[in-house]
Amino acid sequence: MPTFNSHHAPNRYTPNRRTRRYAERIVAELRENKAAPLERYSAFALTRAYLAEKSAAHAGREATRRLGEAFGYNPNKGGFLDKFERHRTEFNMLARPVPYAYLDAIGADRDELQACLEADRARYHHEREKPRFPTTAAVRYMPTVYETVRFPLSTTEEQALRIL
């Protein structure tokens, strides 16, 4: 699960009841605008889409400089743009802890972000309940000699073991 923290202050944000009413609106908007990424399940897809959308409003060299400056980077230092863009991409992809200062700088509403996280959590639990079927298996005949066996659709694990 992604973490949202500030390196200078403890996490004081706690979700409240209002976050649930935002969830349906945010999910509906994201499905309208970004239907393709939602066809297949991807972990935290709605949250990542929301952060990318908010971050895209600060595109361009000058906007990136202002955003980096508001976030605490030194925009006059050499290599600033490369480093900040790499960190920005990692923040948007939830590949590293996202500081509250970044969320404030891009204008992300914490209630809407919490709604996206709750919707992602619901999608995860829904996806987890779906039945899973093996599609392929690798059979080792001897060292460095393998064969890939493909199973018919909807083959259960017991049937796949019998086939092997």
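Biologist: Where is S154 found?

Modeller: The model is a predicted one. S154 lies in the loop that joins β4 to α8, the helix of residues 157-163. The backbone of S154 has a phi near 65°, which is a positive value in a residue that is not glycine. As a rule, most residues other than glycine have a negative phi. A second residue with a positive phi, T144, is not a glycine either, and its phi is about 70°. T144 is located in the loop between β3 and β4, the latter being residues 145-150. T144 counts as exposed because its relative accessibility is 73%, where exposed means over 50%.

T136 belongs to strand β3, which covers residues 136-142. Leaving aside residues up to four places away in sequence, T136 touches T148, V149, R150 and F151. The C-alpha atoms of T136 and F151 are 5.8 Å apart, although 15 residues separate the two in sequence. T136 is partly exposed, with a relative accessible area of 39%.

The protein has eight helices and four strands, and from the N terminus on they follow the order β-α-α-α-α-α-β-α-α-β-β-α. Of the 164 residues, 35% are buried. The accessible surface is about 11,300 Å², and carbon and sulfur atoms account for 50% of that area. Among contacts with a separation of 6 or more, 55% join residues 24 or more positions apart.

The helices provide examples of such pairing across the sequence. Two packed helices are described by the angle between their axes and the distance between the axes. For helix α3 (residues 45-56) and helix α7 (residues 110-129), the axes come within 7 Å and cross at roughly 150°. α3 is therefore roughly antiparallel to α7, since angles over 145 degrees count as such. On the α3 side the contact involves A45, L46, T47, Y50 and L51, which meet E112, L113, C116, L117, A119, D120 and R123 of α7. By class, this contact of α3 with α7 comprises eight nonpolar, one polar and three charged residues. A119, a residue of helix α7, counts as buried because its relative accessibility is 11%, and buried means under 20%. A119 and F44 are 75 residues apart in sequence, while their C-alpha atoms are 8.8 Å apart.

α3 also packs against α5, at an angle of about 145° and with the axes 8 Å apart. Here R48, L51, A52 and S55 of α3 meet R88, F91 and N92 of α5. The residues of this α3 contact with α5 are three nonpolar, two polar and two charged.

α5 in turn packs against α4, their axes coming within 11 Å and crossing at roughly 75°. α4 and α5 are therefore roughly perpendicular to each other. From α4, R61, T64, R65, L67, G68 and F71 take part, and from α5, F80, L81, F84, E85, R88 and F91. The contact of α4 with α5 divides into six nonpolar, two polar and four charged residues.

L103 is situated in helix α6 and is buried, with a relative accessible area of 1%. L103 and F71 are 32 residues apart in sequence, and their C-alpha atoms are 9.3 Å apart.

To return to the request, S154 is found in the loop between β4 and α8, with a positive phi near 65°.

Terms used. Residues are numbered from 1 along each chain as its sequence is written. This is a predicted model: local features need pLDDT of at least 70, side-chain atom pairs count only at pLDDT 80 or more; totals for chains, interfaces and linings use all residues. Side-chain values use heavy atoms; hydrogens and water are left out. Helices (H or I, at least four residues) and strands (E, at least two) are DSSP runs, numbered from the N terminus. Buried means under 20% relative accessible area, exposed over 50%, partly exposed in between (1.4 Å probe, protein chains only). Contact means heavy atoms within 4.5 Å. Accessible areas come from the Shrake-Rupley method with a 1.4 Å probe; for residues, only the protein chains shown count as cover. Axes are lines fitted to C-alpha atoms, for helices over the stretch in contact, and angles run from 0 to 180 degrees between N-to-C directions. Angles under 35 degrees count as roughly parallel, over 145 as roughly antiparallel, 65 to 115 as roughly perpendicular and the rest as oblique. Ala, Val, Leu, Ile, Met, Phe, Trp, Tyr, Cys and Pro count as nonpolar, Asp, Glu, Lys and Arg as charged, and the others, Gly among them, as polar.
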